[in-house]
Amino acid sequence: MAAGLTLRDMQRAAAATEHAGFDGLWLTEGGRTAYTAATAAALATENLTVGTGIAVAFARSPMVTASAAWELAEATGGRFVLGLGTQVRPHIERRYSAEFDRPGPRLREYVGALRAIWAAFRGEERLRFKGDFYRFTLMTPEWTPGGSIADPPIYLAGVNPWMLRMIGEVADGLHVHPLHSVRYIEEVVRPELAAGGAADDFALVCPVMTATGDTDEEIETEREKLRLRLAFYGSTPGYSKVFETHGWNDLQPRLNRLFAAKDRTGMAAAIPDEVLDTLTVSAPWDDLAESLMTRYRGVATRVVAYSAVSNWRESPDVVERWAGVARAFHAPGQRKGTPAG
């Protein structure tokens, strides 16, 4: 997973990711756009799956997103995965000056619009999409990209039950939030996806926060960083369902109050070892791959190393350590296991 890199740096990071033996690279969106980053990554690699994980949906018309995804699918020969999410109301309304009303139904309709636009691009049907939020009724030959590209897979991000059911209904996969546990996936995510009619080959992409090193001291330093990261994620009310699954009902409101008070030290201290060990993976480098596979085998379609790219940008020699983790996932006895994304 990578974000915030210049296009040249993204090309270098993508090439390093492929060389290290990872199966895929997921580009998040923040201060830099996900689609330009994906383009840089795609043109620097030959076999790597390149996906947005996620791009902000409502900041763009579905027509703009459909065109960008079409071109990336074409450029990669089918290696591109379109990952979309709603973001949160303040960002959509105040940063992008876009509509956020009824985000769940809006995202469901967004997916339907994408599929209708792609069908029109291929000339399979006239563009006549009319919904509650979007209307697309004009597609002339001059504005069609050409070609006969298969629909890129669409993975959506969601946390709460209604959104998960909708994702099971309309998408090809789910970007699980980095703040998650296996219990939350088994007790909340899977049943809701099934209720939405998710197909047997529906993909679960799980970014995992890890604390690793060669010594106990190095691992503990990384664990302390993860406490604060979990605290920041957990301060958002929308992610409270993960805590509630474990009976930690008072944790999210407490983190929210500490965040409002700008008490970073208090936020980190509010994450006890039980929470840290449930929501992240701590292991020495030599044991990290096995720890990840043990936790996520049969749970995730792809395990995403949340911090790998940022780790090796800080310490280039760490690339080889992550390459060892990727090799372990691809060892002969693991070929039917979970891919490393």
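## Helix α3 and the glycine after it

Helices here are DSSP runs of H or I with at least four residues, strands are E runs of at least two, and both are numbered from the N terminus. This is a predicted model, in which local features need pLDDT of at least 70, side-chain atom pairs count only at pLDDT 80 or more, and totals for chains, interfaces and linings use all residues. Residues are numbered from 1 along each chain as its sequence is written, and side-chain values use heavy atoms, with hydrogens and water left out.

Helix α3 covers residues 62-76, and its 15 residues should span 21 Å at 1.5 Å a residue; the end C-alpha atoms sit 21 Å apart, so the two agree. (The expected span is 1.5 Å times one less than the number of residues.) Its buried residues are Pro62, Thr65, Ala66, Ala68, Ala69, Trp70, Leu72, Ala73 and Thr76. Buried means under 20% relative accessible area, exposed means over 50%, and partly exposed is in between, using a 1.4 Å probe and protein chains only. Those buried residues of α3 pack against α2, β4 (80-85), α5 and β6 (135-136), where contact means heavy atoms within 4.5 Å.

## Helix α1, one face in and one face out

Helix α1 (residues 7-19) passes the length check too: its 13 residues should span 18 Å, and its end C-alpha atoms are 18 Å apart. Asp9, Met10, Ala13, Ala14 and Thr17 are buried in α1. Looking down the axis of α1, these buried residues fall within an arc of 135°, so they line one face of the helix; the arc is taken over the directions from the helix axis to the C-beta atoms.

The buried residues of α1 pack against β1 (24-27), α2 (34-43) and α14 (308-314). Just after α1, Gly21 takes a positive phi of about 100°.

## The nonpolar core

The largest nonpolar core has 123 residues, and Leu156 and Trp322 touch the most other members. Such a core is a set of buried Ala, Val, Leu, Ile, Met, Phe, Trp, Tyr and Cys residues joined through side-chain atoms within 4.5 Å. Helix α5 (residues 103-121) gives the largest share of this core, 10 residues.

Not counting residues up to four places away in sequence, Trp322 touches Phe22, Thr210, Trp285, Leu288, Ala305, Ala308, Asn311 and Trp312. Thr210, one of those partners, lies in strand β10 (residues 210-213) and is buried, with a relative accessible area of 8%. Beyond its neighbours within four places, Thr210 is in contact with Leu226, Val281, Leu288, Leu292 and Trp322. Thr210 and Asp277 are 67 residues apart in sequence and 9.9 Å apart in space, C-alpha to C-alpha.

## The largest pocket

The largest pocket holds about 1200 Å³ of space. On a 1 Å grid over the protein atoms alone, a pocket is an open set of points where a 1.4 Å probe fits, with protein on both sides within 12 Å along at least five of seven lines; lining residues have an atom within 4 Å of a point. The lining of the largest pocket has 36 residues, and Ile54, Gln87, Val88, His177 and Tyr239 lie nearest its centre. Two elements give two or more residues to that lining, α4 (89-95) and α6 (161-170), and α4 has the largest share, three residues.

His177 sits in the loop between β8 (173-175) and α7 (182-195) and counts as buried at 14% relative accessibility. Leaving aside neighbours within four places, His177 is in contact with Val159, Tyr233 and Tyr239. In α6, the buried residues are Met163, Leu164, Met166, Ile167, Gly168 and Val170, and their cover includes α5, β7 (154-157), β8 and α7.

Most residues other than glycine have a negative phi, and most peptide bonds are trans. The peptide bond from Gly53 to Ile54 is cis, with omega near 10°, and Ile54 is in the loop between β2 (49-52) and β3 (55-56).

Ser97 is not a glycine but has a positive phi of about 50°; Ser97 lies in the loop between α4 and α5 and is exposed, with a relative accessible area of 66%. Lys262, also not a glycine, has a positive phi of about 60°. Lys262 is in the loop between α10 (251-260) and α11 (264-269) and counts as exposed at 75% relative accessibility.

Definitions and conventions
Points joined across faces, edges and corners; volume = space filled by probe spheres on them.
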